[in-house]
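This briefing is meant to be read beside the sequence and the coordinates. It takes the chain as a whole and then turns to two local regions.

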Amino acid sequence: MVVEADGGSRGNPGPAGYGAVVRDADTGEVLAERSEAIGTATNNVAEYRGLIAGLTAAAELGATRVEARMDSKLVVEQMCGRWQIKNPGLRPLAAEAAVLVRRFAAVTFTWIPRERNRHADALANAAMDAAAGRAPAAPATTTPRTVEPPREVAAPDSPARAAAREAAARAATKATTGTDPATAPSSWEPRGTSEATRLVLVRHGQTEWTAQRRYSGRGDVPLSERGRDQARATAARVAALAPTVAAVVSSPLSRCTATARPIAVALGGVPLRTSDDLVECDFGAWEGRTFAEVRKEWPGELDAWLASTAVAPPDGESFTDVTVRVRRALRGLLDAYPGETVVVVSHVSPIKILLRDALAAGDAFLHRLYLDPAGVSVLDVWADGGVAVRSVNDTAHLA
């Protein structure tokens, strides 16, 4: 579905209101309208309120994927994580919008010119008139302004609403019957491991930034001396866990390849290759910063990021985007090594996402699971989508 939202005030701050429209993405038919006078507020507060109302309406209609279109550059850039939220009054609204974003499989934010947002603009103007205690003004004859009138909202039995319900039902059915590890068939029956593809997931060894608890994403920070010792110990542990391995597949960053090489040697020189899809999340402006430093400089952005996997750090990458490429990497491994064992050397975020999906856990899992440097987890995946998590964050070899 498409959400078009707008808001404004007469005076900034002044009498304020918002408007939101939900459309069928294919036909453009209006499925819902929302508008409300919100008293005295600023333009940006009203714009955020319009976005929240539009996302709420889309969720009520059963949308799974949403494109949110607004003519507010500020709201779009802040929701995408590219601009800081410096106004304390906007931070709770951004966090509320981020929580709503989590209710959908995917949400994109698109800036559009005001001319393309006329329907939501008209609803917002009517709400502002109501907030000011007067009827909507007619367009002035001296300065004509074309305003698209509110369109008829689709009836409950309209083709667009029926199509939306059908799409939501298909998505729900797919979510329970597909081969995605997050939605794999459940069973108490013990399964043989010979036909499963076993993934031995290894987080890279310690770096100086790891020890200092700094965000370490795309920066190529090498292993510390302790990290190199951990890599050697992990190699022996993996060789004991999986004496027969088809390949070692690693993130291309040096902290991972330096962890992967001793493992490949300990396994008898099995092939070592890299996959860009296994690289760490891009933390953008937070790269090299501690959590405390980020909390001090980007408090609103951090709250929004913690509340929603769809929100990215400033100039960075969202966990939703990381999930797309991690799942692509998983499909590639299952296709290339069916029924075999593969060692995957990666970072905190990709490994957490693999385990979250395997355990059918919620997004909060990503912030609650701790993975030690050089920790080992083991995951079995069957061709029918069955999954078994054998171990998580094994560090006995590091004691």
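The points below are grouped by topic, and they describe a predicted model. The chain has 399 residues, of which 50% are buried, and its secondary structure consists of 13 helices and 11 strands.

**Chain as a whole**
- The accessible surface of the chain comes to about 18,100 Å², and carbon and sulfur atoms account for 52% of that area.

**The hairpin of S10 and S11**
- Strand S10, which covers residues 376-381, pairs with strand S11, which covers residues 387-394, and the pairing is antiparallel over five bridges.
- Five residues lie between S10 and S11 in this hairpin, and one of the turn residues, Gly-385, has a positive phi of about 95 degrees.
- Val-381 has Val-387, a residue of S11, as its bridge partner.

**The loop around Pro-113**
- Pro-113 sits in the loop that runs between strand S5 (106-111) and helix H4 (118-131).
- The relative accessible area of Pro-113 is 27%, and because this value falls between the limits of 20% and 50%, the residue is classed as partly exposed.
- Although Pro-113 and Met-70 are 43 residues apart in sequence, their C-alpha atoms are 8.0 Å apart in space.

Terms used: Residues are numbered from 1 along each chain as its sequence is written. This is a predicted model: local features need pLDDT of at least 70, side-chain atom pairs count only at pLDDT 80 or more; totals for chains, interfaces and linings use all residues. Side-chain values use heavy atoms; hydrogens and water are left out. Two strands pair if DSSP finds at least two bridges between them. Helices (H or I, at least four residues) and strands (E, at least two) are DSSP runs, numbered from the N terminus. Buried means under 20% relative accessible area, exposed over 50%, partly exposed in between (1.4 Å probe, protein chains only). Accessible areas come from the Shrake-Rupley method with a 1.4 Å probe; for residues, only the protein chains shown count as cover.
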